[in-house]
Amino acid sequence: MHHFHYRNHELHCEEIPVRDIARQVGTPLYVYSKKTILDDMRRIEAAFDGTPHVTYYAVKANANAHILQMLAAEGLGADVASRGELFLALRAGFPPSRITFSGVGKRDDELVYALEHDIYAYYVESTQEIEVLNQIAGSMGKRARILLRVNLDIDAGGHAYVSTSLRHNKFGLPHAKALEVLRSARSLPHIDVRGIHSHVGSQITKAAIFVKAAEAVAGIVRDLREGGVPIEEL
């Protein structure tokens, strides 16, 4: 449930009239409900009850420092897409062991910064990124854990600008190339292949899309394992 409601025709956030907040701090402003955020988070966690997992909050969704601190305190992980987001996640209290780095445009200095802090894993998008990460990690005497982003070529619907998993999109590698790429990555001295990663888009409201994506990912994992690539995570 969410904790925004009207009482006597006046909007409240939890038990506080929004008008009082506006009078105190001025407008325009953003008002967040801690109870709503925690309720939503705990409902997600409950759905995975008994299944080993980590829920990663996408910092790009909202990097408000108080929200990040609240989620870090609840034991969530953070998924970052830039050096700035990584800085904010660390400052908010997310342990490096619960931070992942995603995105198609990771700069060399961002990879260095992430390796310095020994974050958990990198969602890599190309063979070139894997090679660069291997080179940088080697120069620092480190190993980098990776999950390869695979493009499932699934039409999730919605606006074309938020589509991420069709073959013409810029994200990830075609799933048919995953075995070849990961076999090669496993031979690199400073890369630790952990698994695969996929994201089919944003603002998806049909559960059937997620079921289709899950079935596709399960098939890829099966093929990779049969091909000699042990997949531990997805």
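These are my notebook entries on a predicted model of one protein chain.

**Ground rules.** I number residues from 1 along each chain as its sequence is written, and I use heavy atoms for side-chain values, leaving out hydrogens and water. Since the model is predicted, I ask for pLDDT of at least 70 for local features and 80 or more for side-chain atom pairs, while totals for chains, interfaces and linings use all residues.

**Confidence.** I looked up pLDDT, the predictor's confidence in each residue on a scale from 0 to 100. The chain has a mean of 91, with 92% of its residues at 70 or more. Residues 162–169 have pLDDT below 50, and I note 25 contacts for this stretch beyond near neighbours in sequence (contact: heavy atoms within 4.5 Å).

**Salt bridges.** I counted a side-chain nitrogen of Lys or Arg within 4 Å of a carboxyl oxygen of Asp or Glu. My search of the whole structure gives twelve salt bridges. For location I use DSSP runs numbered from the N terminus, with helices being H or I of at least four residues and strands being E of at least two. For accessibility I use relative accessible area with a 1.4 Å probe on protein chains only: buried is under 20%, exposed is over 50%, and partly exposed is in between.

I looked at K106 and E129, whose closest N and O atoms are 2.6 Å apart in a salt bridge. K106 sits in the loop between β6 (99–101) and α5 (108–116), and E129 in helix α6 (residues 127–139), so that the pair links distant parts of the chain, 23 residues apart. I find both K106 and E129 buried.

Next I took E125 and R149, a salt bridge with 3.3 Å between the closest N and O atoms.

I then checked R194 and E233, which form a salt bridge with the closest N and O atoms 3.0 Å apart. R194 is in strand β10 (residues 191–197) and E233 in the segment after α8 (207–226), 39 residues apart. R194 counts as partly exposed at 22% relative accessibility, as does E233 at 21%. I also noted one network, in which salt bridges with shared partners join R83, R107, D109 and E110.

**Cavity.** I searched a 1 Å grid over the protein atoms alone for sets of points where a 1.4 Å probe fits but cannot get out; lining residues have an atom within 4 Å of a point. Points are joined across faces, edges and corners, and volume is the space filled by probe spheres set on them. I find one cavity of 30 Å³ or more, and the largest cavity holds about 40 Å³. Its lining residues are L115, D118, I119, Y120, Y122, R143, A144 and R145.

**Backbone.** Most residues other than glycine have a negative phi, and most peptide bonds are trans. I noted a cis peptide bond between T27 and P28, with omega about 0 degrees. P28 is in the loop between α1 (18–25) and α2 (34–47). N8 has a positive phi of about 55 degrees and H9 one of about 65 degrees. I place N8 in the loop between β1 (4–7) and β2 (10–13), and H9 in the loop between β1 and β2. N8 counts as exposed at 73% relative accessibility, and H9 counts as exposed at 81%.

Key. 1 Å grid on protein atoms, 1.4 Å probe; cavity = no way out; pocket = protein on both sides within 12 Å on 5 of 7 lines; lining within 4 Å.
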